[in-house]
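We'll start with a helix, move on to the ligand, and finish with a few spots in the backbone.

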Amino acid sequence: MATFRESPVNRFLLSVLSRWRGEVAAIQDVRRLRDVLRFASVFVITILLPALFLAYFALASIRSEELALDADLRARAAGIEGQVQQELDSVFRRFEERTAQRLGEGGSPLDRLGELSPFLRVAFRLDPSGELAAPFAPPDPQQVLPDNAAFQRPWRRGITAEREDDWATAAEAFALASVNTQNPTLLAEASFAAARNRARLDPRNSVQILSDVYSDYASVRDRMGFRVGDLVVLTQGQLRMASDPEIGAVTLEALVTDILNRRWTLGQPGEPTVARAALRTLPDTTDPDWLARTRDRLNERTAQLRWAETVAGELELLSSQQPGGQGQWNYFSGPNSRALWATVRTQTGEQYLFAFALDDVVSHLRETAGRASAVDAELEARLVPAGQPVVGEPLVQRPLGEQIAFLTLTVSHADPTSLAAQKANRRRARIAIVLLSVFLVFVGVLASARLVGREVESARMKADFAANVSHELRSPITQIRLKAESLQLDLCYDDADRQAHYDAIVHESERLSRLVDNVLDFAAIERGAKRYSFRQDDMAAVVLIQVEATRSTLEQKGMEIELTLPDDLPPVWIDREALGQVLTNLLSNAAKYGSDGGWVGVKVEGTPSGVEISVSDRGIGISAEELPHVFDDFFRSKDPAVRRKKGTGIGLAIVRYIVEAHGGTISVESEAGEGTTFTLSFPLEPPEGAGGVTQHAANPVR
Ligand code: ADP
């Protein structure tokens, strides 16, 4: 006790509690409180905190897993972006390297463009002053042709006559037209038309006739954009094919070669048309390799011319806009332009302008993006114009390289809503698992706490039992000793007093032996060693003996006992001694707890299935809450009215055990303050193994 009071916490709790609980109860309360606190702290330290930590880490790991998944997605998106950027880079890096190499080798980067880049459509060279130097000449200035009826009339006549193969009339009409004009274009055109028809009339002098026109007007272009010189040579070649095919072929081949080596003029379609006509006229004997090569060159230049004409309008803008350092590449694309321009300046101050087919480059990059993202079903790459609002939240959103800065590459999740749903589902499932685990831990803890509580309660009941038995033993022993000593010392007043002492000694020894019987029986039941000897017997006789044996005790307490016993009870299988113990226990309880009512009723009656005995009193009764536990081992009510009475808590457990060993049942009806009735039913048929000694120990009372 000294150590108990040494603790300041105990002292404080005692001082608070003892005020309204009293000193002794307060000490018990504090002890119990400390036990509870100890249990609670062990629970918190060993279970609650670890469970909370685990839950916290599990939730944190869910978060980090989500972040890792996100990072993975972003890394994959960045991979796709990298592939597209790399492809873009390599397209232009390859082009720059090859161009630089060709320039370094002294070659021209204006032809065989396909070798420089498959996306290149045309290239230009500007001289240091910014003038277009190659491969085409700038468009000729627009010339206004005079409305000259004196020229037009013979000219139209010439056309009609030539169409009808009336070469003489045609030659004459064209010659008249030629003298009726001062305009160099019309003059050249009419002179050539007249010479052409004259040459047809006079094939032998055709060379001379045409050569004269050539020497006068070779470099003049007609109204259709054909150089008169080219038309003359073409006509010469065609005419020669009839008389001297070899020379005709040489003439035409030379014409094509000349046209191909010449600088064409933007806006003038004459050169390719003439060259094509010349090629068509060449005989089958022409070297096919030369023919194929020449056709390719012609096609390439024609395509370049077409491209050059569509983008020519941007040339001026470019030459003024791109100051670029020497050898330094600049890229540019104007709004609505078909071309992506690359420009570079050489050591000599010339500038090269390369026009890439913008659509083709973009669709190539789109294809690359599509291919890269096709590998990853979750991701989708898109090229969108820079500045255009992007739907959703792309994982990557970056402008393409400097070459195509006006396009933005975005890589997004292919199905963002399903991604969000997946994320949410995954998170919900994980959280549910964590919460379920925590819940199970708590359920487990509560279950163990209940088990522990039950064990503690059972230990407490056993301890109470030991204390109660000692207490119960002491009282009859003291009484016996006192009475015996009085007799020994002859302290009695008279014979009656002496007789009373003897009676008391007998009474107390009976009580003592009942108590010892109960304890020993209970121990035997617990061990499974209790044996009964059943025989068919008269129940009424046993009940009568027990009631009569108790009557005087009850009457001494001022209680009345009422026995209802029918005459025609059937015999039932009983162990007399055990049944006697059952009735003793029930009647002594009725005497103990039913004294307030002053009445005990014992009723025996036959039922169709056997015999029923009920023992009733009008005493303190049992609360509904405690009623289910009255047959439990060591159970004693918490009611102070019960606690004041002596008892061990094993009487009813033994009763139930004995009744069940007889194959019977026991039930109790009670109401607090009203009284209690125990009803025992015994069957007519013998219990298991009856007819001899039965060991009934399969189910010790629990
Ligand atoms: P005890 O030795 O305490 O009487 P028992 O096993 O005989 O032990 O009874 C168990 C408990 O059942 C008692 O402590 C009491 O609370 C309750 N009880 C038994 N019989 C009666 C009764 N006739 N009236 C009221 N309560 C009873």
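Helices here are DSSP runs of H or I with at least four residues, strands are runs of E with at least two, and both are numbered from the N terminus. The expected span of a helix is 1.5 Å times one less than its number of residues. Before using that, some housekeeping: this is a predicted model, where local features need pLDDT of at least 70 and side-chain atom pairs count only at pLDDT 80 or more, while totals for chains, interfaces and linings use all residues. Residues are numbered from 1 along each chain as its sequence is written, and side-chain values use heavy atoms, with hydrogens and water left out.

Now for helix α11, residues 270–281. Its 12 residues reach 17 Å from the first C-alpha to the last, close to the 16 Å expected at 1.5 Å a residue. Call a residue buried if its relative accessible area is under 20%, exposed if over 50%, and partly exposed in between, using a 1.4 Å probe and protein chains only.

On to the ligand. Which residues are closest to it? Asn589, Tyr593, Arg636, Thr648 and Leu652 are, out of 19 residues that surround the ligand; a residue is near it if one of its heavy atoms lies within 4 Å. That shell divides into eight nonpolar, eight polar and three charged residues. In this scheme Ala, Val, Leu, Ile, Met, Phe, Trp, Tyr, Cys and Pro count as nonpolar, Asp, Glu, Lys and Arg as charged, and the others, Gly among them, as polar. Three elements each supply at least two residues of the shell: α18 (576–593), α20 (651–661) and β18 (675–683). Of these, α18 gives the most, with three residues.

Next, the polar contacts, meaning pairs of N or O atoms within 3.5 Å (within protein, one must be able to donate a hydrogen and the other to accept it, and residues adjacent in sequence count only if both atoms are side-chain atoms). A polar side-chain atom of Tyr593 sits 2.7 Å from a ligand oxygen. The ligand taken alone exposes 520 Å², and the protein buries 97% of that; the areas come from the Shrake-Rupley method with a 1.4 Å probe, and for residues only the protein chains shown count as cover.

Two single residues deserve a stop. Thr408 lies in strand β10 (407–413) and counts as buried because its relative accessible area is 9%. Leaving aside residues up to four places away in sequence, Thr408 touches several others (heavy atoms within 4.5 Å), including Leu383, Val384 and Pro399. Ser623, in the loop between β16 (610–617) and α19 (640–643), is partly exposed at 27% relative accessibility.

Most residues other than glycine have a negative phi, and most peptide bonds are trans. The bond from Ala134 to Pro135, however, is cis, with omega near -5 degrees. Arg112 has a positive phi near 45 degrees, and Asp165 has one of about 60 degrees.
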